[in-house]
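Subject: Structure handover

Hi,

Here is the structure I promised you. Please open it alongside this email; my notes follow below.

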Amino acid sequence: MAGLRPWLQLVSQGWQNWSGLVQCPGARIARPGDIEALCRLIEHHQGPGAIRPLGSGHSFVPFWANDDTLLQMDAFSGLHDVKATADSTVARFGAGTALHAIGPLLANHGLALANMGDIDRQTLAGAISTGTHGTGRKLGSLASQVTALEIVNGKGHPQGFTTPDDVAMARVSLGLLGVITAIELCVVPAYHLHECNTVESTDACLDAFDERSNAHRHHEFWWVPRGDFAVAKTLNPIAAEGPVQLVEIPFGEAGERWGPSWQIFPSTREQRFNEMEYAVPEAAAIRCFTAVRTKILQEFPKLPWPVEYRLVAGDDGWLSPTGGEAVATISIHQGADRPPEPLFTAIEPILREHGGRPHWGKWHQLDAGNVDRLYPKAANFRTARRQLDPGAVFLTAHLAALFGYSDIE
Ligand SMILES: Cc1cc2nc3c(=O)[nH]c(=O)nc-3n(C[C@H](O)[C@H](O)[C@H](O)COP(=O)(O)OP(=O)(O)OC[C@H]3O[C@@H](n4cnc5c(N)ncnc54)[C@H](O)[C@@H]3O)c2cc1C
């Protein structure tokens with residue numbers, strides 16, 4: 001009866017995530033064209049876990065279920081507004097804007113994002129909802145830059161979050177408080193970056209890590225188990241003069257390139273993989289990495305996929321894996337053609353023993369009890385979730401295991 005309900009707009013059926021690990025062949029895909037249609041859609045889907053927005057599907061966990069209605073959010077995209085105050089500049093975007101679209105949109109205003117991760121294929125809402133980050137000792141996650149959000153809650157009502165406490169609650173919220181329609185975030189004057197990659201022994205890379213992390217705006221390394229060597233990467237601002245060199249440095253090779261920040265941060269990822277990543281307090285992180293390295297060399301010495309090590313400044317997000325003190329993130333990859341469990345379950349206890357908290361968009365085995373132990377504000381978040389979505393419309397099975405069905409009113 002979609003003809004009688006023009007706001008329903010079912011555009012297709014069936015969906016899978018980027019890596020193919022999450023398959024929803026029966027899911028219905030709807031495309032709300034505006035806020036009014038989105039409100040009506042949510043009102044129409046009043047059942048536990050009935051509805052869930054899609055970003056670009058670059059998460060590795062089953063946020064989405066086969067019997068859900070999934071929302072394609074591309075109608076909510078673009079740069080809406082730029083405001084400069086005495087001490088900051090904020091830009092307001094449609095929540096479904098792809099990160100790769102943000103660079104050119106901001107560049108038209110002489111602006112840029114302060115930091116970006118390894119790729120730019122995600123949507124802004126998807127990226128902030130899971131705490132997506134880049135690297136840099138003094139730089140927080142993308143969500144840490146958010147100053148205001150607009151959502152439609154589980155009752156189908158539009159609502160804004162603008163106070164510091166509300167924004168801290170909502171900046172990383174896994175789509176549990178509502179469907180985000182617009183996001184305002186701090187941006188910085190446009191800048192060019194120089195990228196330099198070196199290939200070195202793992203021990204030399206570890207010895208230099210601290211000093212390099214202080215000396216460079218961004219520093220990270222990739223450790224390659226097969227061969228036990230490291231690729232260290234630094235990124236630094238440079239003057240925007242002369243020709244740019246944008247050609248990507250092949251992974252595992254030394255090289256340099258330079259150009260506008262939004263063209264240098266992201267790389268292309270052609271080979272599909274699954275990933276587990278934990279944010280570990282910085283003080284324990286090199287010890288943790290060393291234990292991970294030992295385990296992989298003992299049990300998975302031929303692993304062809306690298307381990308990535310990055311730094312992220314802490315933030316105030318109630319559910320932010322990078323919340324609190326500065327952290328190092330340690331990411332383990334396995335090819336999408338292999339079952340991820342043997343590798344990930346062998347390594348996960350090490351990451352947990354060192355006080356790690358998982359990236360919400362990447363493979364993990366947390367349960368509700370772990371969430372309470374790892375996040376001091378988890379109970380406050382559950383209360384807010386219940387108020388904003390009393391029918392648990394957004395609480396799909398994966399999230400119910402973390403945030404509990406028992407609290408449905
Ligand atoms: C190749 C690759 C590279 C990656 N690199 C990095 C990296 O460098 N750093 C890093 O931290 N992570 C990285 N990730 C992980 C990725 O950034 C996160 O999983 C991110 O959430 C994906 O964004 P997305 O737009 O694909 O969102 P999705 O994965 O589609 O969705 C993520 C969550 O957000 C929710 N959501 C989406 N839109 C909305 C909305 N409008 N309102 C409310 N909730 C919404 C979804 O329902 C879901 O719960 C990478 C992933 C891949 C596959």
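Asp228 sits in the loop between β12 (218-224) and β13 (229-238). This is a predicted model, so read every value here as computed from it. Phi of Asp228 is near 45°, which is positive in a residue other than glycine.

Ala392 is another non-glycine residue with a positive phi, near 55°. Its loop runs between α10 (378-388) and α11 (397-403). Ala392 counts as buried, because it has 24 C-beta neighbours inside 10 Å.

Next, the ligand. The shell around it holds 31 residues, and Gly55, Gly117, Gly126, Gly175 and Gly361 come nearest. Elements giving two or more residues to this shell are β3 (51-54), α3 (124-130) and β10 (179-189). The largest share, five residues, comes from α3. By class, the shell has 12 nonpolar, 16 polar and three charged residues.

α7 has 18 residues and reaches 26 Å from its first C-alpha to its last, close to the 26 Å expected. Its buried residues are Ala285, Cys288, Phe289, Val292 and Ile296. They cover an arc of only 105° around the axis, so they lie on the same side of α7. The general rule is that an α-helix has 3.6 residues a turn, so residues three or four places apart point the same way. Arg287, Thr294 and Gln298 are exposed, on the face of α7 turned away from the buried side. What do the buried residues of α7 pack against? β15, β16 (307-312), β17 and α8.

Helix α8 (residues 341-353) has 13 residues. From first C-alpha to last, α8 reaches 18 Å, close to the 18 Å expected. Just after α8, Gly355 takes a positive phi of about 80°.

Best wishes

Methods
Residues numbered from 1 in each chain as written. Predicted model: local features only at pLDDT ≥ 70, side-chain atom pairs only at ≥ 80, totals over all residues. Helix = DSSP H or I, 4+ residues; strand = E, 2+ residues; numbered from the N terminus. Expected span 1.5 Å × (residues − 1). Near = placed C-beta within 6 Å. Nonpolar A, V, L, I, M, F, W, Y, C, P; charged D, E, K, R; others polar. Buried ≥ 20, exposed ≤ 12 C-beta atoms within 10 Å, placed from the backbone. Arc of directions from axis to C-beta. Contact = placed C-beta atoms within 7 Å.
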